Amino acid sequence: MAATGMVPADKAPYALTRATGTLAEGAAKLAGEIGATGVEALLAHANRTAVHKGATAALGSMQPRPSDWYAFDGKDQDTVDWYPQGVTCGEESGSIGVPVLLVSWYFKPTPGERGIRVSFLSPRTLKYQHALLVEAAPDGTYKPIDVHAGGLACHGDLLYVADTYNGLRVFDLGNLLDLRTAQSDLGDPARVGRSGGKFHAFGYRYLLPQTDCWKLARRGPHFSFLSVDRSGATPALVSGEYRENDPGGWVARWNLPLTDGTPKDAFVMGHPNIQGAVSWGGKWYLSQAADGNTNGRLLVHSGDKLLTRPYPIGPEDLTVRGGKLWSVTEFRNKRIVFAVAL
């Protein structure tokens, strides 16, 4: 059993190798046919509205309450098909020109896989829009991506998505595609891909095709969450592993931009049920979950000191925005994106 605390670990098991294959070619083919748009344009057409400080059931017994939070709308609160997991923001990217929070969701039912989607949420307007993430072939055909998407991170225009058993999937936000520019309607809401001369995306207006991939050099570790540490001289990508009732989960950091798959360091966290982690200003912040009716905890490691802070029910991935720590909660009718002090 691992000791409690951030214990340095061997980096070798977490090494990644780049495996672009034909992903960039397939994404370029789609972008050439449909036409790319941007995050700002997507937000201008957002079709859902978040509720400022709604869904208070997510807070449970948490005191003090978060400094701010946004609840997804009633339809997204109530669905048992989609579950939010990862979170990142425009500030984390360093290049997105508008305030925005991004949240990944995975589709739970089987059969009938609908893959993963990302919500783009504007804190200014409370409007948000879902985009379907897809994998495209060189001929421009495409399919949904069946992963858990437990973590999101942004650097520049690149959106990193955690692929539990394989490593990292990479998406270029410059290839965000608006189906309205290619056709008058959004196609068949029960279908994805090309059919009958139309593009279909389960009724979603926006597609984001995968452009790159970093795979584990050897099987074993799981990529459960992601974040970016921008507090140092060189930004670092952070990833790690959720282990249920097991304190042996790891975290590792890679220098950004990601050109070398060897992490610069790695640690065993010494805590079970960690759903998100970020290092910032010499401290480690760990998001620890319980169950759908029990408050989680925020664990803060500073050197050899550990501070435990109150947290909502079902906390997941982490990101830093506006000098605050943000996360997202996953359980039905308790789905919020929220901020606490660092």
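The model is a predicted one, so local features need pLDDT of at least 70 and side-chain atom pairs count only at pLDDT 80 or more, while totals for chains, interfaces and linings use all residues. Residues are numbered from 1 along each chain as its sequence is written, and side-chain values use heavy atoms, with hydrogens and water left out.

Gly 314 is buried, at a relative accessible area of 1%; buried means under 20% relative accessible area, exposed over 50%, and partly exposed in between (1.4 Å probe, protein chains only). Beyond its neighbours within four places in sequence, Gly 314 is in contact with Thr 294, Val 328, Thr 329, Glu 330 and Phe 331, where contact means heavy atoms within 4.5 Å.

The largest nonpolar core has 32 residues, and Leu 207 and Val 337 have the most contacts inside it. Such a core is a set of buried Ala, Val, Leu, Ile, Met, Phe, Trp, Tyr and Cys residues joined through side-chain atoms within 4.5 Å. At least two residues of this core come from each of α1 (23-34), β6 (82-89), β7 (101-107), β9 (127-136), β16 (198-201), β27 (324-329) and β28 (336-341). Apart from this core lies another, of 26 residues, including Val 100 and Ala 149. Val 337 has Trp 69, Val 87, Leu 101 and Trp 326 among its contacts outside four places in sequence.

Next comes a sheet. Its 5 strands form an open sheet in the order β1-β21-β20-β19-β18, with antiparallel pairing; two strands pair if DSSP finds at least two bridges between them. β1 (7-8) and β18 (225-229) stand at the edges with a single partner strand each, so one side of each lacks a neighbour in the sheet. β18 is joined to β19 (residues 236-240) by 5 bridges, and Phe 225 has Gly 240 as its bridge partner in β19.

Finally, the rings. Tyr 14, Phe 223, Trp 250 and Trp 254 form a cluster linked by ring pairs, meaning that ring centres (the six-membered ring for Trp) lie within 6.5 Å. Two charges also sit over rings, with NZ of Lys or CZ of Arg within 6 Å of the ring centre and within 35 degrees of the ring normal:

| Charged residue | Ring | Distance to ring centre |
|---|---|---|
| Lys 108 | Tyr 83 | 4.7 Å |
| Arg 117 | Trp 105 | 4.5 Å |

Methods. Helix = DSSP H or I, 4+ residues; strand = E, 2+ residues; numbered from the N terminus. Phe/Tyr/Trp six-rings, centres within 6.5 Å; stacked < 30°, edge-to-face > 60°.
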